[in-house]
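Biologist: I would like to learn how to read strands and helices in a model, one feature at a time. Could we go through it together?

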Amino acid sequence: MPKPRWIVFAVLISLFASILLVNGLVQGEFTQDGATASTSQTDQVPGEALEGGPIIQTDGTTTTTVSVPDKQIVLTFDDGPNPDYTPEILEVLQKYDVPATFFMIGSQIAEYPDVVKEVAESGNEIGIHTFTHPELSGTSEWRRTVEMEETQLALAGAAGVTSVIFRPPYSSTVAALDNNNWAVMQDMGERGYLTVVNNLDSRDWEADVTVDDIVDAVTPDDGSGAILLFHDGGGDRSLTVEALERVIPALKAAGYTFTTVAATSGMDTVNPAATTNERLLGSGIVGAVQIAENVSIWFTVLLLVFGVLTVARLLMMLVLGRRHARRARSGHVWGPAYTEPVTVVVPAYNEKECIADTVRSLAASTHPIRIIVVDDGSTDGTAEIAESLGYRNVTVIWQPNSGKPAALNTGIAAADTEVVVMMDGDTVFEPDTVRHLVQPFADHRVGAVAGNAKIANRTGMIALWQHIEYVVGFSIDRRAHDVMGCMATVPGAVGAFRTAALKQVDGLSDDTLAEDTDLTIAIVRAGWRVVYEEQARAWTEAPRTVSQLWRQRYRWSYGTMQAMWKHRGALVEKGSFGRRGLLNLALFQTLMPLLSPLIDVFLIYGLLFLDPVETIVAWLAMLATQILSTAYAFRLDKESLKPLWRVPIQQFVYRQLMYLVLIQSTLAAVGGIRLGWQKLQRAGGLSALLGSRAS
């Protein structure tokens, strides 16, 4: 049974997808594609329809048409309402005291209910023009039902009325009726609608039309009555407004009067009052569309802001990373070579597969070291293995299981050197790792040094994805954090600390699961400099399965959140960490990844409802940027570029896994759940792996 937090997550994602779906149905480009299913066949169209008026009532058996009497005009407007042009048209109508009929699109009604209400309260008629403006002859009966009923409900919610008149999208004059048009009219007649087409089309929708063209197109030349077709939506209708200012007074001067569809058809009204139930349901539709539109707008803005910030941060990190790399290549030295002995503390809990390789790698160190293995209550013989190796500079300390921070503090307390190196019990060092790692301590301002952790078992997609992540994280991020003076984490796998700095911050704390991040932030806040040494390489075994990876990253992510909260006071302190490091963790390692599921849903939304080409191009541009930056990180770290072909695949699997871990961590943090020192299953044999890589 799914855990409650995942049910909440699924509900939130489904709600967001539903909101985008509503907005897509209202705004999506697919809804108004302009395609018509015309045919030249008219054998099914009754003669009385082809010869009759533009107001048609048919049930498939009996057909009645109504024409507008001579010297009378019915003004009609399609594709609205529009928040800009409909009010301007209403002003012209009010100026000349003439009524009009507005055939409205349901999605537009729901989006601009105030404009609809203004149209109705001004004494004008409102007709149905479907909800999304499809060509109805090519749609199913179910789609037609939805198009009409949803529009009626939207109208009821916006203006408190319904409508009995209908105009098909892409319709024309009676003379242009064909079998397809007639089938739609029959269907609508059976549903109780009067179909209203037109006598004269203003053609105000054409791209190169002028005001003179519009005026000429809607001016009757024989004194007969007519239904005139204009548009108040669907594009720039400023020319329509200008043309009305000329058409209405000109027709009045020619003796024409203006009437309505209801008056022409002999009805009291075409907009009977909606029932209470219709108003309630309609208000729900209008509200849903309003919410969907606002959410879509705000999320688009948020996505744009975060996109700009992400690109800006990436460029800055690349520049700073390059600066750090140049510093190293220029022969930069921290001072006289640091040759003093150091203590290496190895906390170990059930590390029988790896501890021998770890200790042997340290024994080969080119820098003088003392090794302290702190066995934290292992039950698999880890301590015995370490002791059996027989190295004179190795001390094994036994203690009851107390957690990794306690094990490290035990080792620190037993150290008698100025510098303490910390590593994990499942990690191996190169012979020169410690020597490179401690050189920055020649500068008395340096309190800690982060080494360069590497993935040893680079076989299998999961391990290679972690390899890519490690290279980018160390080769770019830590270089940049070094330059900015806001290093957030000295990795537990390979890090060195000045004993004075450790004492100043009271060693490691068990307040968080990310004891390395907690310790690093404390040291930076205490005024010490924390730097990165890329030549100090340590090799570790990456989780091989999804479940192992999940447990590891869950602990890291949860612990990082705990550390951020613990050190939130840095935001108001002097120093660079609060303004740079903590904000970087909050924005780019927490908040933005939490938005990733919504971004994925928005990508699907873009493919379905927006321009799919633009959506794909934008996604490919971001992917290309990521690949190029990853390639640069690999070059800086002198790594082979062969794994880079896996980066695109990473976007569809690994990325989703990481943000799901982050979501679980966030929900756990909010719920105050405590986690213990989680032990991953190791295969061991790191020395053999490294040996095969060297060969």
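Biologist: How many bridges join strand E16 to strand E18, and do these two strands run parallel or antiparallel?

Modeller: Strands of a sheet pair through backbone hydrogen bonds, either parallel or antiparallel. In this model, which is a predicted one, strand E16 (residues 446-455) and strand E18 (residues 529-540) run parallel and are joined by eight bridges. Within this pairing, Asn452 stands opposite Arg537 in E18.

Biologist: At what angle do the axes of helix H11 and helix H20 cross?

Modeller: Two packed helices are described by the angle between their axes and the distance between the axes. Here the axes of helix H11 (residues 276-329) and helix H20 (residues 576-609) cross at roughly 130° and come within 10 Å, which means that H11 is oblique to H20. The crossing in which H11 passes H20 is left-handed.

Biologist: Which residues make the contact?

Modeller: Among them are Phe299, Leu303 and Arg313 of H11, together with Asn584, Phe588 and Tyr605 of H20. The residues of the contact of H11 with H20 divide into 14 nonpolar, four polar and one charged.

Notes:
Residues numbered from 1 in each chain as written. Predicted model: local features only at pLDDT ≥ 70, side-chain atom pairs only at ≥ 80, totals over all residues. Heavy atoms only, no water. Pairing = 2+ DSSP bridges. Helix = DSSP H or I, 4+ residues; strand = E, 2+ residues; numbered from the N terminus. Axes fitted to C-alpha atoms, helices over the stretch in contact; angles between N-to-C directions. Parallel < 35°, antiparallel > 145°, perpendicular 65-115°, else oblique. Left-handed = near helix turned anticlockwise from the far one by under 90°. Contact = heavy atoms within 4.5 Å. Nonpolar A, V, L, I, M, F, W, Y, C, P; charged D, E, K, R; others polar.
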